[in-house]
Amino acid sequence: MGDGSVTPRFGNMKALLGLVAGAGASYGLYKLISGGSFKRNKKSAANESAGVRGSSQPSEVALQPGSLLARVSGLDVVCPRPVDVASGEIIHQSPGNMEPQHLKMLLSCLQNRNNPPDRCRILLTLGNSAAFTVNQNLIREFEGIHIVAGFLSDPVAEVRVQTLNALNNLCMNIQNQEQIKVYVPQVLELIEMSPVNSDLQLGALRLLTNLSVTDKHQHLLKKSITLLLSLLVVSSEALQVQAVKVLVNLSSNPDMMDDIVQAQAPASVMLLFDSRTAPAVLLRLLTFAGNLKAWRPSAQVANELRRKQDCLFRVMLDESSQLHSRLVQLLSHPDVEIQSQVARILT
């Protein structure tokens, strides 16, 4: 798991890396679940999901040996005030078959447990249950999104990781996204302050990937382009893939292109267009490059962008860019899909 320590903010990392940046955006072809699955259109259209308003605050309950929480989460937990909803004896219970009272119990115990391992297990159980649409809706109705998101600031790194994972599953729901979007600044701050290649950064990027699948909330990430590009050139493959997924999502939206091409980016981003780059990363980089190349600025806009020092336009789109020559070299890449992507960009 990721290091529990908190590193200096991203400003220090930029100084160390010389303001590395790079853009990409993901295939991001996640299906957002909202009362059922839906298909996004070519510009990532969003649907609304229906929900029934439930009780606003989960009640505290007494957990019995062999109860759902004990069996699913492995906890030996007693929450102080019993309610009239019994946990029941559930053997071989699937997270998809949880009943409303079980989710209430989990949320209540999450608020009342100070032990980090217990919090992690409860968040893990909530995250697993949130893979199912019915539970996504119930957790929202029980004000569970705000309860879970409250642990984004927990001092224990593993608790923050499990919080991000739970929010990631909850984010696969349009109505839930309306509540989760308010935590975007906090999620970006976690990326900036966490150790590079940590589970915290990976979990945060996964959440941003789901939140950026549709156009609706992409504007919240306008100021994060340089951060994403920076991660792209300093991270492990897993983190690179997730960062470029977000960038591909953003670049699929024409309304975001002005912010993308003006973002500060290092020349070193071009080094990723190389046969030694992991295919999973390179394929998405090529998708991102294709989205950029499809953008056609006016002569006046292009001239203004050329005057911006180190902006992505100058690095990847200007006549002086190395992109074209590097793409030509990739035509001989052993991966046929990469060859095909390159050919489409060059033609």
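Okay, let's start with the largest pocket, which has a volume of about 250 Å³. By pocket I mean an open set of points on a 1 Å grid over the protein atoms alone, where a 1.4 Å probe fits, with protein on both sides within 12 Å along at least five of seven lines. Lining residues have an atom within 4 Å of a point, and the volume is the space filled by probe spheres set on the points.

Quick background: this is a predicted model, where local features need pLDDT of at least 70 and side-chain atom pairs pLDDT 80 or more, while totals for chains, interfaces and linings use all residues. Numbering runs from 1 along each chain, and side-chain values use heavy atoms, without hydrogens or water.

So who sits around that pocket? Of its 16 lining residues, Leu 292, Lys 293, Trp 295, Arg 296 and Leu 317 are the closest to the centre. H14 gives the most, with 3 residues. Helices here are DSSP runs of H or I, at least four residues, numbered from the N terminus.

Now, how does H14 (residues 279-293) sit against H18 (residues 336-346)? Their axes, lines fitted to C-alpha atoms over the stretch in contact, come within 10 Å and cross at roughly 15 degrees. Angles run from 0 to 180 degrees between N-to-C directions, and under 35 degrees counts as roughly parallel, so H14 and H18 are roughly parallel to each other. In that contact (heavy atoms within 4.5 Å), H14 residues including Leu 282 and Leu 286 meet H18 residues including Ile 338 and Val 342.

Last one: the second largest pocket holds about 200 Å³, and its lining includes Met 270, Arg 314 and Asp 318.

Note on methods. Helices (H or I, at least four residues) and strands (E, at least two) are DSSP runs, numbered from the N terminus. Angles under 35 degrees count as roughly parallel, over 145 as roughly antiparallel, 65 to 115 as roughly perpendicular and the rest as oblique.
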